[in-house]
Amino acid sequence: MATAVRRRRRGDRAVSPVFLAVAGVTAAAGWAVWSGAGPASGGVGRGVAVFLAVTGAWVVSLCLHEYAHARTALHAGDASVAAKGYLTLDPLRYAHPVLSVLLPVLFLVMGGIGLPGGAVYVERHRIPGRIRHSLVSAAGPLANVLFAAVCTAPFRLGALDGVPGAFRAALAFVALLQVTAAALNLLPVPGLDGYGVLEPWLSERARRAVEPFAPYGLLAVFVLLFSPEVNQAFFGLVHGVLGTLGVGAEETWCGLDLYRFWQEPGAVCGAVPGVSR
């Protein structure tokens with residue numbers, strides 16, 4: 001019996017083959033962008049390679065975001081997250097038909113906005129203490145912050161001399177997605193992680209008053225982002241953060257341009273050395 005329990009626990013925490021496959025595709029596509037080998041040497045072929053590399057990196061970051069929530073919840077007292085498969089990094093475990101697929105891809109294609117769309121269902125009644133509840137909510141955005149730090153480190157350290165321009169642009173675009181994801185999720189809006197950090201500290205009366213609006217918080221944020229003034233202010237903040245980390249706005253927008261391989265090329269990549277569309 002004990003042996004069976006140990007095997008089940010190992011299975012609940014073993015890295016998913018689906019995640020490893022996604023990571024493998026991401027690495028292969030990134031190598032194709034870097035080397036310019038075969039169909040990825042330019043034009044649509046390179047755009048497809050950038051699309052696969054960026055989308056794969058985004059899925060990997062989504063899994064890490066949700067894993068961070070689950071792992072923190074496990075240590076905070078909710079052991080049920082293991083049985084639900086949340087510790088395997090399997091993107092299918094976090095999938096939601098709308099939040100995990102449609103909305104993230106739509107906003108990624110439309111405006112280069114990173115939206116972690118997965119979900120882990122934490123049994124909050126198992127977790128004692130307000131600090132632990134706040135930490136569970138904060139863990140996901142912090143994973144995006146760490147991912148952004150890794151992506152921007154080569155820019156910040158000046159370690160990209162001689163690196164192909166298309167790879168630099170794709171990496172810059174991935175960094176932008178991580179910063180936008182962290183910024184959006186940390187907003188104290190019902191339905192987002194930022195509100196989850198704040199909620200345990202609110203009175204019961206305040207929580208009940210806010211609860212009916214929780215399903216619409218994310219939608220309200222997106223509606224506001226379509227306002228030119230709000231959009232400009234938001235991306236001004238994002239590019240300000242990236243700029244302090246050594247990532248130029250031209251590189252991030254060039255990454256988005258390459259990512260949209262199905263569109264006519266824009267002029268933005270002309271400012272990035274080593275990129276021609």
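This is a working chat about one predicted protein model.

Trainee: What should I know before I read any values?

Mentor: The model is predicted; local features need pLDDT of at least 70, side-chain atom pairs count only at pLDDT 80 or more, and totals for chains, interfaces and linings use all residues. Residues are numbered from 1 along each chain as its sequence is written, and side-chain values use heavy atoms, with hydrogens and water left out.

Trainee: OK. How many helices and strands does the chain have?

Mentor: Twelve helices and zero strands. Helices (H or I, at least four residues) and strands (E, at least two) are DSSP runs, numbered from the N terminus. Along the sequence the pattern reads α-α-α-α-α-α-α-α-α-α-α-α.

Trainee: What share of the residues is buried?

Mentor: 44% of the 277 residues. Buried means under 20% relative accessible area, exposed over 50%, and partly exposed in between, with a 1.4 Å probe and protein chains only.

Trainee: And what share of the contacts comes from residues 24 or more positions apart?

Mentor: They account for 70% of the contacts with a separation of 6 or more. Contact means heavy atoms within 4.5 Å.

Trainee: Now the core. Which residues have the most contacts inside the largest nonpolar core?

Mentor: Val-54, Phe-173 and Leu-258, in a core of 65 residues. Helix 7 (residues 165-185) gives the largest share of this core, 13 residues. A nonpolar core is a set of buried Ala, Val, Leu, Ile, Met, Phe, Trp, Tyr and Cys residues joined through side-chain atoms within 4.5 Å. In soluble globular proteins, nonpolar side chains tend to be buried together.

Trainee: What does Val-54 touch?

Mentor: Ala-170, Phe-173, Val-174, Leu-177 and Tyr-259, not counting residues up to four places away in sequence.

Trainee: Back to helix 7. Is it mostly covered or mostly open?

Mentor: Mostly covered. Of its 21 residues, 18 are buried. Helix 7 reaches 30 Å from first C-alpha to last, close to the 30 Å expected at 1.5 Å a residue. That expected span is 1.5 Å times one less than the number of residues.

Trainee: Different spot. At what angle do helix 11 and helix 12 cross?

Mentor: Roughly 115°, and the axes of helix 11 (residues 228-244) and helix 12 (residues 249-259) come within 10 Å. So helix 11 is roughly perpendicular to helix 12. Axes are lines fitted to C-alpha atoms, for helices over the stretch in contact, and angles run from 0 to 180 degrees between N-to-C directions. Under 35 degrees counts as roughly parallel, over 145 as roughly antiparallel, 65 to 115 as roughly perpendicular and the rest as oblique.

Trainee: Which residues meet there?

Mentor: Phe-235, His-239 and Leu-242 in helix 11 meet Ala-249, Thr-252 and Trp-253 in helix 12. The residues of this contact divide into four nonpolar, two polar and no charged. Ala, Val, Leu, Ile, Met, Phe, Trp, Tyr, Cys and Pro count as nonpolar, Asp, Glu, Lys and Arg as charged, and the others, Gly among them, as polar.

Trainee: Next, Val-81. Where is it found?

Mentor: In helix 4 (residues 80-83). Val-81 counts as buried because its relative accessibility is 0%. Leaving aside neighbours within four places in sequence, Val-81 is in contact with Ala-70, Ala-73, Leu-74, Tyr-86 and Leu-87. Val-81 and Glu-123 are 42 residues apart along the chain, with their C-alpha atoms separated by 8.3 Å.

Trainee: What is the phi of Leu-89?

Mentor: Positive, about 65°, although Leu-89 is not a glycine. Leu-89 lies in the loop between helix 4 and helix 5 (97-111), and is buried with a relative accessible area of 11%.

Trainee: Where does Arg-126 sit, and what does it touch?

Mentor: Arg-126 is in the loop between helix 5 and helix 6 (130-156). Arg-126 touches Gly-77, Asp-78 and Ser-80, not counting residues up to four places away in sequence. Arg-126 counts as partly exposed, at 42% relative accessibility.

Trainee: Last one. Is Glu-66 buried or exposed?

Mentor: Buried, because the relative accessibility of Glu-66 is 3%. Glu-66 is found in helix 3 (residues 43-76). Glu-66 and Pro-91 are 25 residues apart in sequence and 9.0 Å apart in space, C-alpha to C-alpha.
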